[in-house]
Amino acid sequence: MSTVILLAVTGLALGALYFLIAAGISLAFGLMHVLNFAHGAFLTIGAYAGYLVASGGGDVGTGRFVLMLAAGTLAGALAAVVTELLLIRPLYGNTHAQLLVTVGLSLALVALIEELAGSDARGYHSPGWANATTEIAGSAIRGSRFLAIGVAVLVLAALVVFLRRTRYGLIIRAGVENRSMVTALGIDVRRAFTLVFALGGAAAGLGGVIAGSYFGQVEPRVGTGLFIYALIVIVIGGLGSLTGTAVAAVLVGLLQQFLNYYAAGVGDLSVLALLALVLLARPAGLFRSTAS
Amino acid sequence: MTEYALETRGLGLRIGAAVILDDVSLTARRGELVAVIGPNGAGKTSLFNLITGVHRPTGGSVLLGGRDVTAMAVHRRGRLGLGRTFQTSSVFPALPVLENARLAAKAHLGGVLNVLKPAGSDARATAVARDCLERVGLAARADTAAGALSHGEKRKLELALVLAQDPSVILLDEPMAGMSAEDVPELTELIGSLRGTGGERTVLLIEHHMNVVLGLADRVAVMHHGTLLALDTPEKVMADATVQSAYLGEPL
């Protein structure tokens with residue numbers, strides 16, 4: 001029983017990390033059909049931004065950790081906005097070029113971070129409570145797991161409120177369904193898209209600090225490694241569907257954890273099997289492609 | 001010189017070696033309803049895409065109310081009073097009917113990209129939206145998801161969206177497509193009423209139903225192989241020998 005709970009919570013926390021990356025990719029694709037391969041690198045940038053703010057060694061206080069979260073969020077959003085304005089925007093109408101330029105950017109950003117911070121993993125700073133364990137039904141669970149789950153739930157809730165209650169949200173939901181008509185009505189969808197990109201980058205940057213505390217370390221490929229799973233998550237969930245992304249993230253995280261434990265390392269492979277299964281049975285993903 | 005509500009001057013579109021549109025000069029006066037007819041592939045929808053800015057012409061210009069908008073972005077033309085519907089569908093299926101119309105009204109009233117204002121707060125946009133739904137006979141369906149509407153109702157909602165935008169020029173791309181025969185008269189009347197009581201709006205209509213075209217249009221534009229073959233009153237166009245041989249085949 002204790003193992004099951006441990007695996008479940010860890011799986012959920014891993015799913016939370018996937019969601020923090022995948023949400024932004026999914027919304028950007030849903031609205032503008034831009035598949036941003038550099039999105040994983042935004043997470044890495046966020047993680048290192050948090051690392052810089054932590055400065056000193058060892059554990060950090062909660063106040064300092066909040067600063068780290070803010071720095072990661074801000075850095076992720078900034079990286080996303082700069083990318084959108086300088087690389088994505090000039091290439092509208094050419095989805096292949098957009099795809100290629102983000103692949104190139106992703107490679108370049110990883111190389112840049114390796115150059116600046118070294119390619120070795122560095123220990124990540126977390127407050128004491130994130131590393132401390134809590135006993136639940138006999139299993140000892142680290143605080144960072146609950147942190148990841150809590151943050152992902154908050155981000156999901158915030159995005160849902162944003163999409164449902166604000167004017168931008170209305171435009172984005174409408175734009176995901178029929179971008180041509182929104183534009184014909186006289187609305188500049190691209191301005192809403194810059195915001196979507198910024199929000200996605202912010203979630204990924206925040207996810208970087210969360211990932212740092214989850215893994216206890218940071219390395220230049222952390223985001224790009226998670227990105228692959230995030231990509232699988234959004235395909236399973238249905239591109240452009242926020243709810244679908246959340247459900248698929250949980251599904252993939254849990255599946256990976258449980259199978260890696262009970263079936264000695266086939267967890268990663270099973271994710272690909274699940275992807276193949278979903279593509280065969282429901283090619284559009286588990287959920288319809290709307291920003292719902 | 002007369003100022004037309006809409007004018008194209010020598011409009012051309014080439015994609016590689018293919019000539020999609022060639023030297024199309026078309027005018028529409030304020031309050032006029034011009035039907036655009038022609039076989040499939042004649043360039044009717046391409047003409048609409050050039051007028052609205054979805055594609056940029058490789059030659060010629062587009063004037064809206066006498067103003068050259070050839071280089072203007074799609075959304076800016078929309079704000080300037082150019083409304084359109086698409087051949088496929090122009091509604092947002094997941095959004096309620098009222099929310100569909102409200103989005104269009106907000107786009108027109110401005111402030112739609114204001115992050116701080118909540119979506120439901122604009123009473124004026126809501127009033128405009130409800131009024132437009134009333135005019136197309138969808139008031140009772142306000143809370144239904146647009147995707148759950150019947151085909152005919154969706155076509156009406158498209159017209160409500162265009163109305164909510166309060167445009168001076170409306171382009172309708174086959175609004176009757178897929179309609180059952182008994183729905184055609186009602187929609188025909190609705191399209192005619194888009195011009196407004198004082199004839200303040202100009203309508204360009206791509207349509208295959210000849211009875212609709214002949215009943216509604218002040219003038220008919222005949223397109224063939226990317227060129228404008230004729231632009232005249234329905235009676236004269238029907239009598240035109242060139243039009244008959246090129247498009248209609250047999251005299252009507």
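Helices (H or I, at least four residues) and strands (E, at least two) are DSSP runs, numbered from the N terminus.

This is a predicted model, in which local features need pLDDT of at least 70 and side-chain atom pairs count only at pLDDT 80 or more, while totals for chains, interfaces and linings use all residues. Residues are numbered from 1 along each chain as its sequence is written, and chains are lettered from A and ligands numbered from 1 in the order in which they are written. The pLDDT is the predictor's confidence in each residue, from 0 to 100. For chain B its mean is 88, and 92% of the residues of chain B reach 70 or more. For the complex, the predictor gives an ipTM of 0.82 and a pTM of 0.82.

Helix α6 of chain A covers residues 143-165. Its 23 residues reach 32 Å from the first C-alpha to the last, close to the 33 Å expected at 1.5 Å a residue; the expected span is 1.5 Å times one less than the number of residues. Among the buried residues of α6(A) are A:Leu147, A:Val151, A:Val155, A:Leu159 and A:Leu163. An α-helix has 3.6 residues a turn, so residues three or four places apart point the same way.

A:Leu259 counts as buried because 21 C-beta neighbours lie inside 10 Å. Leaving aside residues up to four places away in sequence, A:Leu259 touches A:Val266, A:Gly267 and A:Ser270; such a contact requires that the C-beta atoms of two residues, placed from the backbone, lie within 7 Å. From A:Leu259 to A:Leu269 there are ten residues in sequence and 9.3 Å in space, C-alpha to C-alpha.

Elsewhere in chain A, the loop between α1 and α2 (39-54) contains A:His33. The phi of A:His33 is positive, about 55°, although A:His33 is not a glycine. Most residues other than glycine have a negative phi, and most peptide bonds are trans.

Where do the two chains meet? In the model, 23 residues of chain A are in contact with 26 residues of chain B. On the side of chain A that touches chain B, α7 (167-177), α8 (179-184) and α9 (189-215) of chain A each supply at least two residues. The largest share, eight residues, comes from α7(A). By type, the residues of this side divide into nine nonpolar, eight polar and six charged. In this count Ala, Val, Leu, Ile, Met, Phe, Trp, Tyr, Cys and Pro are nonpolar, Asp, Glu, Lys and Arg are charged, and the others, Gly among them, are polar.

Chain B contains an open sheet of six strands in the order β6-β7-β8-β3-β9-β10, with mixed pairing; two strands pair if DSSP finds at least two bridges between them. Because β6 (82-84) and β10 (227-232) of chain B stand at the edges, each with a single partner strand, one side of each is left without a neighbour in the sheet. Within this sheet, β3 (residues 33-37) and β8 (residues 202-206) of chain B run parallel and are joined by four bridges. B:Val34 stands opposite B:Leu204 in β8(B).

An open sheet of four strands in chain B has the order β2-β1-β4-β5, with antiparallel pairing. Seven bridges connect β1 (residues 6-15) to β2 (residues 18-28) of chain B, and B:Arg14 faces B:Val19 in β2(B) as the residue opposite. The hairpin of β1(B) and β2(B) has two residues between the strands, and B:Gly16 takes a positive phi near 65° there. Five bridges join β1(B) to β4 (residues 59-64) of chain B, where B:Leu6 stands opposite B:Leu64. Helix α1(B) lies across β1, β2 and β4 of chain B, running at about 65° to β2(B). For such angles, axes are lines fitted to C-alpha atoms, for helices over the stretch in contact, and angles run from 0 to 180 degrees between N-to-C directions.

Conventions
Buried ≥ 20, exposed ≤ 12 C-beta atoms within 10 Å, placed from the backbone.
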